[in-house]
Structure formats: structure tokens, C-alpha cells
Amino acid sequence: MKTLLLGSEGLLGSDLEKIFSSDYNVTSFVRKNLDITDEKEVLQKIEEIKPRIIINAAGYTAVDNAENEKDLAMAVNGHAVGYLAKAAREVNALLVHYSTDYVFSGDKEEGYLEDDAPAEVPSTVYGQSKLLGEQELQKNIDKYYLIRTSWVFGSGGKDFIDTMIRLASERDELKVVNDQHGKPTYAPDLAKATQNLIESDSPFGIYHLTNEDDITWYEYAKKIVGKYGSIKGWGKKEFPHIIPVTSGEFPTPAKRPNWSILLNTKFSHLRPWSEALDEYLNLL
Ligand SMILES: NC(=O)c1ccc[n+]([C@@H]2O[C@H](COP(=O)([O-])OP(=O)(O)OC[C@H]3O[C@@H](n4cnc5c(N)ncnc54)[C@H](OP(=O)(O)O)[C@@H]3O)[C@@H](O)[C@H]2O)c1
């Protein structure tokens, strides 16, 4: 099946490319092939290729930088999704697009269902730009899968795991926030789940696809460093002391939601993130 993959060198895009290349006829684009904020180019390229499926893994994902680059974040994560949706509709393609837990307000401790309303104005610019993308998608095309996911990790790009492993080998002490809760998601698992969703013929609409079980960044950091250190045979002294702090004690430019657990009530569940983490750390 002719498939156009956008953002194919990103954290998720590189695993989508691996998974889809074996069974689908994939054209992979990075920014230099197609800047998705260029409406004319988007339509022209999509009309030329005439894909049956478009998977958009391109995005502006620097959550803190977005606070100072609002126009760019809105252009890439918001308006460009509208251009893709219109072009996909022109050629009758299915559009698969990714969004985030950060569209929610972050005060619903029990987690968010697919049909829960996003925040009117999400607390981060990144979240606002992703929400605009969701709205642009829904306004311009019916044939879509909008997949919200969270805390993605994998070998295709920089993630929280890289940061923790680097800091753990540089410092004796790490402070990590313990009041933000979410679900880590392994990029290859999400890529495979995306394929399964497409092949399931499930109704178009919103899906929450993450690995199972929720955790805080602090607890997650302890697991990462503990598992990585034991795989590498670290002695007791090599493990840093990891200290839980509140978001207030560790201010960042973007104020992330405290509770952004995505509940999946519509599709097969992915495995627990801890299983995926074991697999991933053993590959490093
Ligand atoms: N990572 C997470 O934890 C997470 C969580 C929830 C949802 N998501 C969503 O999942 C999707 C994939 O995220 P990711 O983590 O894989 O992102 P990523 O690693 O930052 O990759 C995004 C890719 O998009 C490309 N891109 C940026 N601007 C572009 C433009 N104007 N035209 C074409 N390509 C452009 C980037 O290219 P350059 O390198 O050239 O900039 C990059 O290769 C995004 O929609 C993101 O919002 C991610």
C-alpha cells in the first residue's frame, strides 16, 4: 500500500519507517524533502505521490523552547496539520497523526479518556500547538486516526532516558520531579500498534496508544538508572543519589501538566512500559 511517511528521521518516525517498510510501499520524507508548513508544496507533493496512507510523525517537539517560539510551534504542530488534512482529503488518503497528553489540563488524577475534552488553553505552548493540530485535523478530514501518546523513548532520537543515563554518569546526585504522572511509550511498540490500528479497520477517530502503567518522572528515573547500572555492572558508588522534588522546586519554562495519564478504552493494550524498557536498555 502506497504510504507517505513524514518526519521519518525523528524518534518515532525512524521506528515507523522500520516497521512499515517491510510490508508497505513507503516514501519517507524529512524536512528537506517537504517542509510541512509550506501549504502549496504539501498539496503538490501529495497530489504527485497519491499515497493511500499518510503518516505524520513530523512535529515541533521541544516543549520548553516552544514557550519562546510560539509561531513556529503553531505553524508546524497546528496549521501544517490542516494543510496535510486538506491534501489527504484531495487524494482520498487516510491521515494518521500523533498528538499528546499535554493537550489536557492535567488535573484528572484517574486519567483521560479518548473523548474527554482537552483544556481550553493547555498550560504549555507545545500543548496549545498540538491542540490546534487536533482541531485542524478534525475540521478538514474525516478519514483520520488521531493517536495521542506520551513520554516516548527509543533509539531514533533524544529522550528522557538518554538524559538520565548521561547525568547519572556525570553527577553524584540527581533531582527529578515526582509530581508529574504519565505513561512512558516505546517508539517501536507505538509504531507496531499504529500498523495494527490501520490494519484493524477500526472506526476513524481518536485513540490513546501508550505502553501500560503510569509512573512519575522520579520513579521512572530510578528504574532507568537502576536497570542500566545493573546491566553495565556498576558498583554501589557509581549509582547517583536520586532525589524527588516538586515541579515548584524544579521550574522549567513550560509548565507541564501534573496528571496526564492517557487511558486506552478503544484498542488493544500495549505491553507494560517496564518490559519495553528492559528490552531497550539491553540494546544500549
Ligand atoms: N516524544 C514524545 O515524548 C512525544 C509525546 C507525545 C506525542 N509526541 C508526538 O509524536 C510525534 C513524533 O514525535 P517525535 O518525538 O518522534 O519527534 P522528533 O524526534 O522531534 O521528530 C520530529 C521530526 O519532525 C521533523 N520536522 C520538524 N519540523 C518540520 C517541518 N516543518 N517539516 C517537516 N518536518 C519537520 C523534525 O526534523 P528536524 O530534525 O529537521 O527538525 C524531526 O525529524 C509528534 O507529533 C509529537 O508531538 C511525541
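Is Gly10 buried or exposed, and how many other C-beta atoms lie within 10 Å?

Analyst: Two notes on the model come before the residue. The model is predicted, so local features are described only where pLDDT is at least 70 and side-chain atom pairs only at pLDDT 80 or more, while totals for chains, interfaces and linings use all residues. Residues are numbered from 1 along each chain, as its sequence is written.

Gly10 is buried, because 22 other C-beta atoms lie within 10 Å. A residue is called buried if 20 or more other C-beta atoms lie within 10 Å of its own, exposed if 12 or fewer, and partly exposed in between, with the C-beta atoms placed from the backbone. Gly10 sits in the loop between strand 1 (2-6) and helix 1. Helices (H or I, at least four residues) and strands (E, at least two) are DSSP runs, numbered from the N terminus.

Next come the partners of Gly10. Leaving out residues up to four places away in sequence, Gly10 touches Ala57, Ala58, Gly156 and Gly157. Two residues are in contact if their C-beta atoms, placed from the backbone, lie within 7 Å. Gly10 and Gly59 are 49 residues apart in sequence, but their C-alpha atoms are 8.8 Å apart in space.

Apart from neighbours within four places in sequence, Leu12 is in contact with Ala57, Tyr98, Val152, Gly156, Ala187, Leu190 and Ala191. The largest nonpolar core has 76 residues, and those touching the most other members are Leu12, Ile36, Ile54, Leu84, Ala88 and Leu95. Helix 3 (residues 70-90) gives the most to this core, with ten residues. A nonpolar core is a set of buried Ala, Val, Leu, Ile, Met, Phe, Trp, Tyr and Cys residues joined through C-beta atoms within 7 Å. In soluble globular proteins, nonpolar side chains tend to be buried together.

In helix 6 the buried residues are Ala187, Asp189, Leu190, Ala191, Ala193 and Thr194. They pack against helix 1, strand 4, strand 5, strand 6 (152-153), strand 9 (185-186) and helix 8 (273-283). Helix 6 has 14 residues and reaches 20 Å from its first C-alpha to its last, close to the 20 Å expected at 1.5 Å a residue. The expected span is 1.5 Å times one less than the number of residues. Just after helix 6, Asp201 takes a positive phi of about 60 degrees, although Asp201 is not a glycine. Asp201 counts as exposed, because it has 6 C-beta neighbours inside 10 Å.

Helix 4 (residues 125-140) can be read in the same way. Twelve of its 16 residues are buried, so helix 4 is largely enclosed by the rest of the structure. Among them are Val125, Tyr126, Lys130 and Glu134. The buried residues of helix 4 pack against helix 3, strand 4 and strand 5 (144-149).

The whole chain gives the setting. The protein chain has eight helices and twelve strands. Its radius of gyration is 19 Å, close to the 19 Å that the globule rule gives for 284 residues, so the chain is as compact as a globular protein of that length. The radius is taken over C-alpha atoms, and the rule is 2.2 Å times the number of residues to the power 0.38. Buried residues make up 46% of the 284 residues. Of the contacts with a separation of 6 or more, 82% join residues 24 or more positions apart.
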